[in-house]
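Here are some notes for a colleague who is opening this model for the first time. They are set out as numbered points, to be read with the structure in view.

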Amino acid sequence: MMPVEMYDLDPIDRRIVAALQVNGRASWTDIAQLAGTSVTTVARRAQQLFADGLVKVTAAPHPGGGPADLLIVRIRCAAGSQLPAAQALAAMPEVRFVALVTGVYDLVAEVLVPKGVSLHSVLLNGLQRIPGVEGSVADLELHTYKSTHEWSRHLLGTGSQLVAPPPVHDCPPAHLDELDEQIIAALREDGRASFQSVAVGLGVSESTVRRRFESLYTAGCVQVITLVPAAALGFEAEILFWLSVAPSRLDAVARELAALRGVRYVAATLGQESLMCEVILPTHADVFEFTTKTLGEIDGIQAWTAGVELLTVKRGFVVTPWAARRLAAEVGDAAGSGATSAAPVATAVPTTRAESPGPVKGNGRTARSRRVSS
Ligand SMILES: [Zn+2]
C-alpha cells in the first residue's frame with residue numbers, strides 16, 4: 001500500500017472540527033464558545049481547514065429516490081490497481097462509501113441498490129467490470145443499529161451545548177420536491193453556504209430556502225455532516241470489523257457495541273459474518289483493548305476479521321477532499337473525470353497541493369503532516 005498522508009491538528013482546531021461534526025451549520029459564535037477562542041479565530045481557522053481540503057461540511061441527503069437495498073461489498077484488486085478501482089467505484093452515484101483497507105480485501109464499499117433493480121446487475125455489470133477488480137463478496141445489510149457522523153463530540157468535553165442533529169430516516173421520494181432537491185444539491189459542495197447565496201443561485205427568496213431547509217433538517221430528510229480524517233483529530237485507528245455472532249445473540253451484541261463511544265457504525269448483514277462495525281480509537285493499544293476486552297468478553301461473538309481503513313475515498317456520497325487530492329496526484333485527471341461528475345469536490349482541490357502534499361502552512365497553527373505506511 002502507498003503511504004497515507006495524514007494531518008495532525010492542534011487542540012483548538014480539533015475542537016472546531018468536533019463542533020462542526022455535531023452541527024455542521026453551527027454559527028462561528030457558538031463554535032467559538034465551545035473552542036474557547038474568538039469568533040474571528042474560529043472563522044479563520046475553519047476556512048483554512050476547508051481550503052486545505054482537510055475538512056469538508058456537506059449536506060448528505062439520506063438516499064432520495066425511494067427505497068433501496070444496501071450492499072456492503074469487499075473487493076479484491078490486482079496489485080497496484082486499488083486506487084484507480086476505488087476512484088471508479090467512487091464515481092458510481094449509488095456508492096455511498098469507499099475505503100482502501102488492509103487485510104484479505106483491498107476495498108470496502110457500500111452500494112445502494114434501488115428496489116426493483118437487480119442486485120445481480122449492479123454487481124456483475126457495475127463492480128465486476130471495473131478494471132483491476134479481481135473478486136468481491138457482497139453482503140446485504142439487513143439493519144443499521146448505529147451510524148454517526150459526530151464521533152468526535154467528546155473532544156468538546158461535557159459542557160457541550162450544541163444540540164445533536166435530529167435522527168435521519170429513509171426518505172421516500174414524496175418528502176422532497178424539485179426545489180428541496182436543488183437546495184440539498186447546492187449545500188453538498190459547501191454545507192455551510194449561506195441561505196442567501198443558495199437563494200440567489202436558485203432564483204428564489206432567502207426565506208424560502210431557510211424555511212425549506214429547516215423543515216427538511218428537523219424532519220430528518222437531510223443531514224449536514226463534517227468529514228475529516230480520524231488521524232487529524234488524533235485517532236490512530238479507523239477499523240472495520242466483521243463479526244461472526246451466534247444468531248440468538250445477534251441483536252444483543254449489536255446493541256452492546258452500538259452503545260460504545262468508539263463505535264461509529266454497526267449493522268447486521270446477511271453473510272457468514274452477521275455483524276459489521278466501524279471503530280475509531282485513539283491508539284493501537286486501544287484497538288488491542290477493544291479486541292481482547294470488548295470483543296473478547298461479549299458473549300456470542302465467535303470470531304472476527306478486520307481491516308484498517310487506509311484511505312476513506314468516499315463517505316456520505318461525497319468524495320473526501322483528501323482522497324480527491326491523492327487520486328488526482330496518483331491516478332490522474334483522465335481517470336478522475338468520472339469521479340468528479342459524481343462528486344464535484346474533486347474538482348475543487350487545487351492540483352498544486354496534490355503535487356506537493358506537505359505541511360499545512362499559515363495562520364500560526366501547529367498543523368503538520370506525517371506519513372504512515374501500512
Ligand atoms: Zn424524509
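**Notes on the predicted model**

1. Start with the part to treat with caution. Over residues 334–374 the pLDDT stays under 50, and for this stretch the model has 84 contacts beyond four places in sequence. This is a predicted model, and those contacts belong to a stretch whose pLDDT stays under 50.

2. Confidence for the whole protein is as follows. The mean pLDDT is 84, and 85% of the residues reach 70 or more. Confidence is lowest in helix α14 (residues 351–355), with a mean of 33, and highest in helix α9 (residues 250–258), at 97.

3. Overall content comes next. The protein has 14 helices and 13 strands. Of its 374 residues, 43% are buried. Taking contacts between residues at least 6 apart in sequence, 75% join residues at least 24 apart.

4. Helix α1 (residues 11–22) passes a simple length check. Its 12 residues, at 1.5 Å a residue, should span 16 Å, and the end C-alpha atoms are 17 Å apart, which agrees.

5. Is α1 enclosed or open? Nine of its 12 residues are buried, so α1 is largely enclosed by the rest of the structure. The buried residues are D13, R15, I16, V17, A18, A19, L20, Q21 and V22.

6. The axes of α2 and α3 come within 8 Å and cross at roughly 100°. Angles of 65 to 115 degrees count as roughly perpendicular, and α2 and α3 are therefore roughly perpendicular to each other. On the α2 side the contact is made by W28, T29, I31, A32 and A35, and on the α3 side by V39, V42 and A43.

7. Which residues of strand β10 (residues 275–281) point each way? L275, C277, V279 and L281 point one way, while M276, E278 and I280 point the other way, and all are buried. With seven of its seven residues buried, β10 is largely enclosed by the rest of the structure.

8. The pairing of β10 can be followed through β8 and β9. Strand β8 (residues 237–245) runs antiparallel to β10 and is joined to it by seven bridges; here F241 stands opposite C277. Strand β9 (residues 263–270) is also antiparallel to β10, with five bridges between them, and V263 has V279 as its bridge partner. A hairpin of four residues joins β9 to β10.

9. E236 is found in the loop between β7 and β8. There are 17 other C-beta atoms within 10 Å of E236, which makes this residue partly exposed. E236 and P282 are 46 residues apart along the chain, yet their C-alpha atoms are separated by 5.1 Å. Leaving out residues up to four places away in sequence, E236 touches A231, P282, T283 and H284.

10. The last point concerns helix α11 (residues 321–330). Eight of its 10 residues are buried, so α11 is largely enclosed by the rest of the structure. The buried residues are P321, W322, A323, A324, R325, R326, L327 and A328. Just after α11, G332 takes a positive phi of about 105°.

Note on methods
Residues are numbered from 1 along each chain as its sequence is written. This is a predicted model: local features need pLDDT of at least 70, side-chain atom pairs count only at pLDDT 80 or more; totals for chains, interfaces and linings use all residues. pLDDT is the predictor's confidence in each residue, from 0 to 100. Helices (H or I, at least four residues) and strands (E, at least two) are DSSP runs, numbered from the N terminus. Two residues are in contact if their C-beta atoms, placed from the backbone, lie within 7 Å. The expected span of a helix is 1.5 Å times one less than its number of residues. A residue is buried if 20 or more other C-beta atoms lie within 10 Å of its own, exposed if 12 or fewer, and partly exposed in between; C-beta atoms are placed from the backbone. Two strands pair if DSSP finds at least two bridges between them. Axes are lines fitted to C-alpha atoms, for helices over the stretch in contact, and angles run from 0 to 180 degrees between N-to-C directions. Angles under 35 degrees count as roughly parallel, over 145 as roughly antiparallel, 65 to 115 as roughly perpendicular and the rest as oblique.
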